[in-house]
Amino acid sequence: MADQEKPVQTVRTTNYPAIANAPLPAEGSAAFSNYQLAAAVLIGPWIITKLLPFRTGWTFYFFLTALTGVPIAVAYWTFKSKYGARVNEKITFPGKPISTYIELKDAKLKRYNETNKIPMQVFHDAYFDGKAEFKGDVLDIMEYRHDWASFEFTPELFRYVFMNLIPEVIVHSQSQDEEQVRDHYDRGDDFYSWFLGPRMIYTSGVISDINRMETLEELQDNKLTMVCEKLNLQKDDKMLDIGCGWGTLAAFAGKNYGADVTGVTLGKNQTVFGNRRLRENGVPEEQGRILCMDYRDIPHSKGYFNKISCLEMAEHVGIRRYGAFLREVYDLLDDDGILVFQVAGIRTNWQFEDLNWGLFMNKYVFPGADASLPLGWVISQLEAVNFEIKSVDVLGVHYSATLHRWYLNWVSNKDKVVAKYGERWYRIWVYFLAYSVIASRQGTASVFQITAHKNLNAFHRVEGIPSHTSIHAPVSRKISPVISHTEMWE
């Protein structure tokens, strides 16, 4: 929105070529308290018993608590998400009428007038159905979402949580994984190529220069190199890439490092594509292969692989299966091996916007990815199965840059997408990509790249120092050592 008035603000904004910079980096509401919720759930039934015209005992109270617990919790979430105070108000919203930003076509949406903000869930569902429109570039309008949308919990969000999300978290079966992954990733290689570009990598790239807008291919090559270097990949290493996608990392590792690489994916299209990519890059069948199978069926003995990568696949494993999955990874890894484990997750101190965004992602983009959790939880899970953490790099802003390139690719290929897959699929993905640019830049979600090894006495940690990339940061200035005066001890 080139003509948008600059809001009053007391926070600094940026203008780096590497990313899509935020014009309105405002905070939302995080006004939620487990103590308040517990008090409401426990005190509410007690108040009801006191209002009744007959005497009741503890049995009736506990029955009433069980009966009213969910409705009271829903009421508390609804109230707090709608009226809770912002984290801070250092940025003042422009206060423009919502018609400045969006057009509401459906008569049922007319109650969201010029001053009554529309809940984000209501808007995006209407947008997907063609009942609402952005007045301008989707990313530009989304940057000002706090001025025209609210992030309150709606009946539809509660319905989805209780009827879909919770049952999927509890079950999360192997057949469920196969159905969801294949429905997503086997949609068509062309669908994904229209935003992923020729590398066909569906994970975060890495910025190397904040003062230049690196291409998507540069960002991804930076990431591939970083992963291989963190693995200290050597010729003839046996490398496993779990959730290998279209096989680009496998081809990169085999071609540039001479490793023997096995990639595993549930996507049938990805398997065909990946094996073709290996051959096209000079990696023969005896050195590299992509297998179409569940991670639970990897056909190798314990300790077979000395290098394992798993980039943004573990989110799909599910909370219930997470520990078992990591134990299987641990068993597949040689005692002297290295693991690079990259996962996306949300922040611990979430805002209501974060939950709205996460539920949208789970419903429309990554169903079953319920293990998108904070970094601390992931670290505790790794340590629980006896991994020792070597390093952690938080790549959220790098993901924002990557997503921005995906977004630009997608918009440029709109006509092709609509012609083959229809307007609705284009709308879902343009919203997803635009919002993800923002979410990963502002901390709503991030991606964590963790390097780990088995926590065994016999592991030679000193040999990992050269590949411990985080400690080899470039020096920004000439350094003079501190002078030590020995006379003070004489």
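I began with the buried residues of α10, and found that they pack against α9 (216-230), β5 (238-242), β6 (260-265), α11 (268-280), β7 and β8. Helices here are DSSP runs of H or I of at least four residues and strands are runs of E of at least two, numbered from the N terminus. This is a predicted model, in which local features need pLDDT of at least 70 and side-chain atom pairs count only at pLDDT 80 or more, while totals for chains, interfaces and linings use all residues. Residues are numbered from 1 along each chain as its sequence is written, and side-chain values use heavy atoms, with hydrogens and water left out.

Helix α10 spans residues 248-257, and eight of its ten residues are buried, where buried means under 20% relative accessible area, exposed means over 50% and partly exposed lies in between (1.4 Å probe, protein chains only). I listed the buried residues of α10 as Thr248, Leu249, Ala250, Ala251, Phe252, Ala253, Gly254 and Tyr257. Just after α10, I noted a positive phi of about 70° at Gly258.

I then looked for positive phi in residues other than glycine. Met200, which is not a glycine, has a positive phi of about 55°; Met200 sits in the loop between α8 (189-196) and α9, and I recorded Met200 as buried because its relative accessibility is 4%. For Asp236 the phi is near 75°, again positive in a residue other than glycine. Asp236 belongs to the loop between α9 and β5, and with a relative accessible area of 53% Asp236 is exposed.

Next I turned to Tyr304, in the loop between β7 (288-292) and β8 (305-311). Tyr304 has 29% relative accessibility and therefore counts as partly exposed. Leaving aside neighbours within four places in sequence, I found Tyr304 in contact with Lys238 and Leu332, contact meaning heavy atoms within 4.5 Å. I also looked up Gly243, which is 61 residues from Tyr304 along the chain, and the C-alpha atoms of the two are separated by 18 Å.

Val397 came next, in helix α15 (residues 396-412), and its relative accessible area of 35% makes Val397 partly exposed. Not counting residues up to four places away in sequence, Val397 touches Ile19, Ile207 and Ser440. Val397 and Ala445 are 48 residues apart in sequence, and their C-alpha atoms are 9.8 Å apart in space.

I turned to the aromatic rings, and the count came to 52 aromatic pairs. Rings of Phe, Tyr and Trp (its six-membered ring) pair if their centres lie within 6.5 Å, and planes under 30 degrees apart count as stacked, over 60 as edge-to-face and the rest as tilted. Trp77 and Trp350 form a stacked pair, at 5.7 Å centre to centre and 10° between the planes. This pair links distant parts of the chain, with Trp77 in helix α2 (residues 58-83) and Trp350 in the loop between β9 (333-346) and α13 (352-365), 273 residues apart. Trp429 and Phe432 form an edge-to-face pair, at 5.4 Å centre to centre and 75° between the planes. Both lie in helix α17 (residues 423-442), three residues apart, about one turn of the helix. An α-helix has 3.6 residues a turn, so residues three or four places apart point the same way. Trp429 is buried at a relative accessible area of 0%, and Phe432 is buried at 3%.

Last, I noted the values for the whole chain. The secondary structure of the protein chain comes to 17 helices and eleven strands. The radius of gyration, taken over C-alpha atoms, is compared with a globule rule of 2.2 Å times the number of residues to the power 0.38; the chain has a value of 25 Å, close to the 23 Å that the rule gives for 490 residues, so the chain is as compact as a globular protein of that length. Buried residues make up 53% of the 490 residues. Among contacts between residues at least 6 apart in sequence, 78% join residues at least 24 apart.
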